[in-house]
Number of protein chains: 2
Amino acid sequence: MTLTSPGPTLGVVGGGQLGRMLGEAAAPLGVEVVVTDPTPDPPAAPTVRDALLGEWDDESTFRTLAERADVLTFEIELTDPDTLERVSEATDTPVHPHPDTLRLIQDKYVQKEALADAGVPVPDYRAVDSADELAAACDELGYPAMLKAREGGYDGRGNIPVESPDDVESAFEAIEGPAMVEGFVDFERELAIMGCLGDDAIDTFPVTETIHREEILRESVSPPGASAAVREQAREVARDVLDVMSGRGVYGIELFETTDGEILLNEIAPRPHNSGHWTIEGCHTSQFEQHVRAVMGMPLGTTERRAPTVSANILGDVDERQPAALSGENGVLETPRAHLHWYGKREVYRLRKMGHVTLVGESGSVDTDALLEEVRALRDGLTFQG
Amino acid sequence: MTLTSPGPTLGVVGGGQLGRMLGEAAAPLGVEVVVTDPTPDPPAAPTVRDALLGEWDDESTFRTLAERADVLTFEIELTDPDTLERVSEATDTPVHPHPDTLRLIQDKYVQKEALADAGVPVPDYRAVDSADELAAACDELGYPAMLKAREGGYDGRGNIPVESPDDVESAFEAIEGPAMVEGFVDFERELAIMGCLGDDAIDTFPVTETIHREEILRESVSPPGASAAVREQAREVARDVLDVMSGRGVYGIELFETTDGEILLNEIAPRPHNSGHWTIEGCHTSQFEQHVRAVMGMPLGTTERRAPTVSANILGDVDERQPAALSGENGVLETPRAHLHWYGKREVYRLRKMGHVTLVGESGSVDTDALLEEVRALRDGLTFQG
C-alpha cells in the first residue's frame with residue numbers, strides 16, 4: 001500500500017456515534033471518511049470529511065458516496081443491502097462486510113438458521129406467523145419465552161417477553177410483521193466479543209461482560225468474571241460465527257453464558273458495537289481503528305488488552321424529548337483514568353445513547369468489581385434533567 | 001459546566017498537524033474545533049468542523065473565527081499577537097495562552113531575559129545587532145557558539161553555529177534581522193517536558209528524552225535515561241517556567257541536561273509540541289486532550305504515563321518538493337503496539353514533518369533502548385522515494 005494525501009476514502013452509510021468514532025480513528029491512519037445519514041448534521045459530522053444527507057435506501061446519495069469512496073461500509077443494520085450492492089457494482093466500489101451478511105443479519109430468523117446450520121450453539125427458536133403459532137411454539141419451548149420481530153429491532157425494541165399463555169395474543173399483536181420466538185435462557189451472565197475479519201486474517205478482541213437493563217446495554221467489563229474455560233469457549237464460538245460471515249470488518253458478537261457454563265449465541269452486529277467501546281482506551285487497537293483497517297484492506301492491529309477496563313453508557317434520563325444539555329461531567333473529567341465520550345446528539349429522550357464513560361484500571365490487575373462500581377458512580381453523577 | 005450539542009467551540013489559529021491532532025482529541029470531549037490557516041484544505045481539515053482560509057495576521061478571518069468560538073487558541077507561534085488580542089477584545093472571546101506569552105516567546109531574546117529574570121537556569125546569551133557585536137560576544141562566551149534569529153526560526157531554521165572567528169561575518173549575514181548568540185552547551189542529553197496550566201491548576205507530563213539531528217526532532221523517549229534526581233530537577237525548572245507564562249494551555253518546554261548533570265532551559269513553545277506526541281498512546285490524557293481541557297477551562301486530566309513509549313518522526317526524504325506518497329507503512333501497521341499518525345500533508349520535501357510512529361512498551365518496564373531501536377527500524381522502513 002501507499003499512503004497519500006488526500007488519503008484513501010472510506011464511505012460509511014450511517015453517521016451516528018459509530019460513524020463519529022470511526023472518523024476519530026481513521027484520521028491517524030490517513031483514511032478520510034465520508035458518511036451518509038438521514039439526519040442533517042449527524043453526530044459524525046465534526047469528525048469526518050463530509051456528511052451527505054440521504055435515507056437508508058437512497059440510491060442517488062449512496063452513489064455519490066460510492067463515487068467519492070475507495071471502500072464502502074455501514075454502521076447501521078437499517079442500511080438497505082440491495083441498494084448498497086447495486087451501487088457497489090455500478091461504481092466498482094467494494095463494500096465490506098458483504099451485503100449478503102447484512103441480509104442474513106437483518107432477519108433474526110434467517111440469522112439463527114444460518115448459525116445453527118453451521119453448528120453455532122443458539123437458544124431454541126421458532127419462526128411464528130400468527131398468535132396460534134406463537135402459542136404452539138411456547139408450548140414446546142416453555143414459558144417464559146422471548147418474542148422478537150424478525151427485522152428492525154434494536155436496543156430491545158421489537159423484543160417482547162411472553163410470560164404466560166395469557167400474554168400470547170397481546171405480544172403477537174405488538175409485533176408488527178414476521179416474528180420469531182426464543183426459549184428463555186437461564187444465563188449466568190452476558191458476554192460479548194468483537195470479532196475481526198481482515199484480508200485473510202481472523203482475530204477476536206478479549207471477551208467482555210455486558211450488563212443490560214431494560215434490554216439496553218448499561219456497562220461493559222473486560223476482563224469478565226467468567227472462568228478461563230468459559231472465555232475460551234466464547235472465543236471458539238465467536239470464531240465459528242465469523243466463519244459464517246462474509247466480508248471484512250469488525251463484528252459485535254453477543255453471547256449468553258448459561259448457568260450450566262455453556263455458551264449460546266444471542267445476536268450479531270456486522271459493525272463496531274457498543275460492547276466494544278471500552279477498546280478505545282482498553283486495547284492497543286480500538287474496535288474502530290480495527291474496522292477501518294479491516295474494511296480498507298490494511299493489516300489488522302493487535303487485539304491485546306492494555307489494562308482492565310470498564311465502560312458505562314450515558315443514557316437519556318428525561319421523559320420529554322428535548323435539546324441535550326448534560327450536567328455533572330466535571331465529575332468524570334476530574335477522575336484520573338476516566339474518559340468522557342460525547343456523541344454530539346442534538347436531542348435527548350429517555351434511554352437514548354448520548355455518550356459513554358470509560359474507566360481504565362491498573363495494568364496487570366484483574367479485579368474489575370471496584371472499577372465497575374466507580375464507573376457506575378461517575379455515570380450516575382450525570383443528568384440531562386436541567 | 002454543561003455539555004451541549006453542538007458543544008462549545010474552540011477556535012484555533014493554525015491548521016497543521018497540531019490542529020489536526022487537537023481536532024482528534026476534542027471530539028470525545030464534545031468540543032467542536034474550527035481552525036484558520038493560510039493553506040486551503042490544511043492537515044486539520046478532516047478532523048475539525050471547519051477550516052477557514054487566512055494569513056497569520058488576517059484580522060477579518062480571526063474575527064470570523066472568534067465569532068464562532070467560545071475560546072481562541074493558536075498552534076503556531078507565527079500567529080500575530082496584536083491581531084489576536086484586538087479580535088479577542090472586540091468580540092469578547094478569551095484567548096489562551098495570553099497574547100503576551102506569545103509576544104514573549106516569539107522573540108527568543110525577550111524570552112531568555114524573562115526566564116533568566118525569574119531565576120530559570122539558561123545558557124549564557126547576548127543580543128547581537130552586528131558582526132562586531134557577535135565577535136565580541138563570542139570572545140566572552142567562547143567558541144563554538146550558536147547564533148539565533150530572534151524571531152521566526154523553527155525546526156533549526158534561523159539557527160547558525162559559529163565554530164570560530166572565521167565564521168562570524170558569514171553567520172551574521174545569514175541571519176536577516178535581530179539576533180542573539182548563546183554559549184555552546186555541552187549536554188549529556190536533551191529533555192522535554194509538556195507543562196500544563198489549567199484554571200488554577202498546574203501540572204507536568206513525565207519527562208521525555210528528545211533526540212535531534214540537524215536540529216530537527218527525530219525521536220522522543222519516555223522515560224528518559226536521565227537519573228531520578230535529574231528528572232526531578234527538570235520538573236522543577238518546568239514549573240518555574242510555567243510561573244512566567246500567562247494564560248491556560250499546554251507548553252512544550254525543551255531542556256538541556258548538561259554533562260555536569262545540571263538542567264538548562266533551551267526553548268519554550270506555547271502549545272502542544274512534537275516532543276509530546278508520544279502522550280497520545282503513552283499517557284491516560286494526551287497533550288492534545290490536555291490542551292483542549294486547559295484552554296476551554298475544563299479540569300486537567302491526569303498526566304500519568306501508562307507505559308514506556310517512544311515516538312519517531314516521519315520526515316521527508318526527497319530532494320524535490322513533490323506530492324506525498326509514503327511506502328512501507330505496512331511494516332508499521334503489522335507491528336503490535338506500533339501506531340501510525342499521518343498528517344495528511346499534500347506535498348513532501350526534505351525534512352518536512354509528515355507524520356510520526358509511536359511504539360508502546362510493556363507497562364512496568366523501564367527499558368527503552370530496545371523500543372527505541374525498534375521504532376527507528378520501523379521509521380527507516382518508510383520512504384517517499386517512489
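Analyst: A:Arg63, at 35% relative accessibility, counts as partly exposed, while A:Glu67 reaches 56% and counts as exposed. Buried stands for under 20% relative accessible area, exposed for over 50%, and partly exposed for what lies in between (1.4 Å probe, protein chains only). The model is predicted: local features need pLDDT of at least 70, side-chain atom pairs count only at pLDDT 80 or more, and totals for chains, interfaces and linings use all residues. Residues are numbered from 1 along each chain as its sequence is written, chains are lettered from A and ligands numbered from 1 in the order in which they are written, and side-chain values use heavy atoms, leaving out hydrogens and water.

User: Which interaction do the side chains of A:Glu67 and A:Arg63 form?

Analyst: Side chains of opposite charge can pair when their charged atoms come close. Here A:Glu67 and A:Arg63 meet in a salt bridge at 3.5 Å, N to O; the term requires a side-chain nitrogen of Lys or Arg within 4 Å of a carboxyl oxygen of Asp or Glu. The two residues are four apart in helix 2 (residues 59-68) of chain A, or about one helical turn. Helices (H or I, at least four residues) and strands (E, at least two) are DSSP runs, numbered from the N terminus. Over all chains the count comes to 58 salt bridges.

User: Which residue meets A:Arg150 in a salt bridge?

Analyst: The partner is A:Asp107, at 2.8 Å, N to O. A:Arg150 lies in the loop between strand 7 (145-149) and strand 8 (159-162) of chain A, and A:Asp107 in the loop between helix 4 (99-106) and helix 5 (108-117) of chain A, so the pair ties together parts 43 residues apart in sequence. Both ends are buried: A:Arg150 at 15% relative accessibility and A:Asp107 at 9%.

User: Are A:Arg189 and A:Glu257 buried or exposed?

Analyst: Both are buried. Their salt bridge has its closest N and O atoms 2.7 Å apart. Because A:Arg189 lies in strand 10 (residues 187-198) and A:Glu257 in strand 14 (residues 249-258) of chain A, the pair ties together parts 68 residues apart in sequence.

User: How many residues of helix 1 of chain B are buried?

Analyst: Ten of the ten residues of helix 1 (residues 17-26) of chain B are buried, so the helix is largely enclosed by the rest of the structure. Among them are B:Arg20 and B:Glu24. What covers these residues includes strand 2 (9-13), strand 3 (32-37) and helix 10 (287-296) of chain B.

User: In what order do the four strands of the open sheet in chain B come?

Analyst: Strands of a sheet pair through backbone hydrogen bonds, either parallel or antiparallel. In chain B the order is 4-3-2-5, with parallel pairing; two strands pair if DSSP finds at least two bridges between them. Strand 4 (50-53) and strand 5 (71-74) of chain B stand at the edges with a single partner strand each, so one side of each has no neighbour in the sheet. Four bridges join strand 2 to strand 5 of chain B, and B:Val12 has B:Thr73 in strand 5 as its bridge partner.

User: What rotation superposes chain B on chain A?

Analyst: Two copies of a chain are related by a rotation about an axis and a shift along it. Here the rotation is 180° and the shift 0.0 Å, with an RMSD of 0.0 Å; copies are superposed by least squares on the C-alpha atoms of residues with pLDDT of at least 70 in both. The two copies are thus related as by a two-fold rotation axis. In chain B, the C-alpha of B:Thr47 is the nearest to the axis, 2.4 Å from it.

Conventions:
Contact = heavy atoms within 4.5 Å.
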